[in-house]
Amino acid sequence: MKLNDLERAMLGGEMGSAVRAAIEHQIKVGDFFGAEDFVPVTQAHVMADTESLGEAGVRWLESLQAQVRIPTITDPRGTDFAKLEVLKQPAAGVALERRAIEAFKRIGVMLTDTCINYQTIQAPARGEHVAFGDTGVVIYANSICAARSNYEGGPSAVAAGITGRTPRYGFHLPEHRRATLRVRLECRPRTLNDWGALGAVIGKLAGNYWAVPFVEGLETPPGSDALKHFGAAMASFGSVALYHLQGITPEAGEAGADALPVSHRIGEGDLQALQDAYAAGKEVDVVVFSAPQLSLYELRELAALCDGRRFTRPLLAITSPQVKPDADRFGLTKSIEDAGGHVLSGMCFYQSYAREIAEANGWKRLATNSAKLVNILGGYGYVPLLASMEHCVEAAEQGRLP
């Protein structure tokens, strides 16, 4: 890779051993992907839940002797310390979480603990190069904001924060942002689970990181929460990092889709078939709204659905630390918790020792409106059920989906 004077100084150790190790790591990544040089980035977003980090990863964080050079924020953490009695997580995991938090604070990372930073912290601008980790964050930033990011693994995102740059490959390059797959939509998703199902269908059709779907047939632009579920599911089911919506997303007009044939047509039956794959019975042990974290508008809708109900099954609604105080202030948290639910902050369900939580609480059958979550939770021993928010709330009250 071509290095400028600053990068050569970093590599030479003039800024300390941690900075040298960070850029050495990035050079290895860049060499692997054929990057010619580095591109400066304005912000970094680190995925580093302690279930993934383990003891070794936390020790590595604790060993870093450096400060981040650019604003660097965190993805959801592994717990909400205010809800430990509800979650019943292993004590060793909670202890690791406290250590990881202190390690991040020491190097100057801001503990935003969110996967919806594009809704709550600062959305990147068109053409802005960033180093984001969470797949849902990357696909939203690339597609809706027209920013530039690859999926940055935890050590790579930390390295980007320390060096202020990332290898220039993949979606930092214009040629990788052109459409490779043209899809015609012949139905209109209505609920958030419908949008997630549509993302899942397209993700499965695309099937790999370098695929860039172009979707036509939407008559009106969807809202941010619909696009959040759509992209998160597409990324989860297909590892997709960028898509274009005809007439809606910023780069759709220059994506080159006119040169592609329509390879797939997606109708109501396709969305229903995806959701039917996560409809094994009606009985429910727990209801979870997570992955991505809930916006203030989603919590408002959930609070209205909770009014006058009394739950017989646990209901967990997980949001960001930025949204939670407003939910408290507007009475949304009270409405949800008066019905017997719990509003949690700064975590994500599947990053929080989900298997151990299930064993401790006797949970097996989990209902959610997140297509991304149902795609992941089977690996943790759950039987995940995909339904609308309204039906999930009914399940929390009745113990079964309608």
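In this predicted model, helix H2 (17-33) and strand S4 (165-167) each contribute at least two residues to the lining of the second largest cavity.

The structure contains 2 cavities of 30 Å³ or more.

| Cavity | Volume | Lining residues by class |
|---|---|---|
| Largest cavity | about 50 Å³ | 6 nonpolar, 1 polar, 2 charged |
| Second largest cavity | about 30 Å³ | 3 nonpolar, 3 polar, 1 charged |

A further topic is the packing of two helices. Such a pair is described by the angle between the two axes and by the distance between them. Helix H3 (residues 50-63) and helix H5 (residues 91-106) have axes that come within 9 Å and cross at roughly 40°. Because of this angle, H3 is oblique to H5. The crossing in which H3 passes H5 is left-handed.

On the H3 side, the contact is made by Thr50, Gly54, Glu55, Val58, Arg59, Leu61, Glu62 and Ser63. These residues meet Gly93, Leu96, Glu97, Arg99, Ala100, Ala103, Phe104 and Arg106 of H5. By class, the residues of the contact between H3 and H5 comprise 6 nonpolar, 4 polar and 6 charged.

Key: Residues numbered from 1 in each chain as written. Predicted model: local features only at pLDDT ≥ 70, side-chain atom pairs only at ≥ 80, totals over all residues. Heavy atoms only, no water. 1 Å grid on protein atoms, 1.4 Å probe; cavity = no way out; pocket = protein on both sides within 12 Å on 5 of 7 lines; lining within 4 Å. Points joined across faces, edges and corners; volume = space filled by probe spheres on them. Nonpolar A, V, L, I, M, F, W, Y, C, P; charged D, E, K, R; others polar. Helix = DSSP H or I, 4+ residues; strand = E, 2+ residues; numbered from the N terminus. Axes fitted to C-alpha atoms, helices over the stretch in contact; angles between N-to-C directions. Parallel < 35°, antiparallel > 145°, perpendicular 65-115°, else oblique. Left-handed = near helix turned anticlockwise from the far one by under 90°. Contact = heavy atoms within 4.5 Å.
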